[in-house]
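Here's a quick briefing to read alongside the sequence and the fold. Grab a viewer and follow along.

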Amino acid sequence: FGKQMDEYKQAMVSQYSGVLRQVVANLVHSKHDLPLLASQTAEQNDLLAEGLKNKETLLLTHFYLFAGIEAYIFGEYKLAADMVEKRQAAEKHMSYRFKLNGATAFYDGLIFLAVARISRDFKWSFGASNAISRLEKHVQVGKFNCEHKLLLLQAESESMIDYNDDILKKYELAI
């Protein structure tokens, strides 16, 4: 499929989808490690180096987004947070931010909450709060796409302070 994209001069789309294809393949075939970051292929390294050299921010944001999600899935929360911060820094040079109907804010929030839980550093709680605020805006536009994500983040955030029936209700509503 990638060769066909290249034949039709869709190289940029091929690169972007290549990052996602690699993450999915890594998740399917991995044995509890971080394949996208720890054992990158030469092709992935070249792609990332090219993106950095040519300042292809969209490619970099794709890479950092999916690498952060993959790191989160494998429990590497600090690494995932580093990927979020790199993606956010790259996004400052873009006119359009990669949002994925609230999924970006959702994963940012999950990652920041996981790091906040471990480190107790306010920086991460503040980042999670910002992610929740961004997700609230998505809920106003597309409640059916994002409300469950918002409820999960709110419940996770509130569970760091106190565990009560309201938190359980939010988890139940999210499901």
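Which residues have the most contacts inside the largest nonpolar core? They are Ala-81, Phe-112, Trp-124, Leu-135 and Leu-153, in a core of 20 residues. Bear in mind that this is a predicted model.

**The nonpolar cores**
- Another core, of five residues, lies apart from the largest one, and Leu-60, Tyr-64, Ala-67 and Met-83 are among its members.
- Back in the largest core, Trp-124 is one of the residues with the most contacts; leaving aside residues up to four places away in sequence, Trp-124 touches Lys-78, Ala-81, Glu-85, Phe-112, Val-115, Ala-116 and Ser-119.

**A buried arginine**
- Arg-87 sits in helix 6 (residues 77-91).
- With a relative accessible area of 2%, Arg-87 counts as buried, because the cut-off is under 20%.
- The side chains of Arg-87 and Asp-108 are joined by a polar contact of 2.7 Å.
- Not counting residues up to four places away in sequence, Arg-87 touches Thr-61, Tyr-64, Leu-65, Thr-104, Asp-108 and Arg-134.

**An exposed arginine**
- Look for Arg-120 in the loop between helix 7 and helix 8.
- Its relative accessibility is 61%, so Arg-120 counts as exposed, the cut-off being over 50%.
- Most residues other than glycine have a negative phi.
- Arg-120, though not a glycine, has a positive phi of about 60°.

Conventions:
Residues are numbered from 1 along each chain as its sequence is written. This is a predicted model: local features need pLDDT of at least 70, side-chain atom pairs count only at pLDDT 80 or more; totals for chains, interfaces and linings use all residues. Side-chain values use heavy atoms; hydrogens and water are left out. Helices (H or I, at least four residues) and strands (E, at least two) are DSSP runs, numbered from the N terminus. Buried means under 20% relative accessible area, exposed over 50%, partly exposed in between (1.4 Å probe, protein chains only). A polar contact is a pair of N or O atoms within 3.5 Å; within protein, one must be able to donate a hydrogen and the other to accept it, and residues adjacent in sequence count only if both atoms are side-chain atoms. Contact means heavy atoms within 4.5 Å. A nonpolar core is a set of buried Ala, Val, Leu, Ile, Met, Phe, Trp, Tyr and Cys residues joined through side-chain atoms within 4.5 Å.
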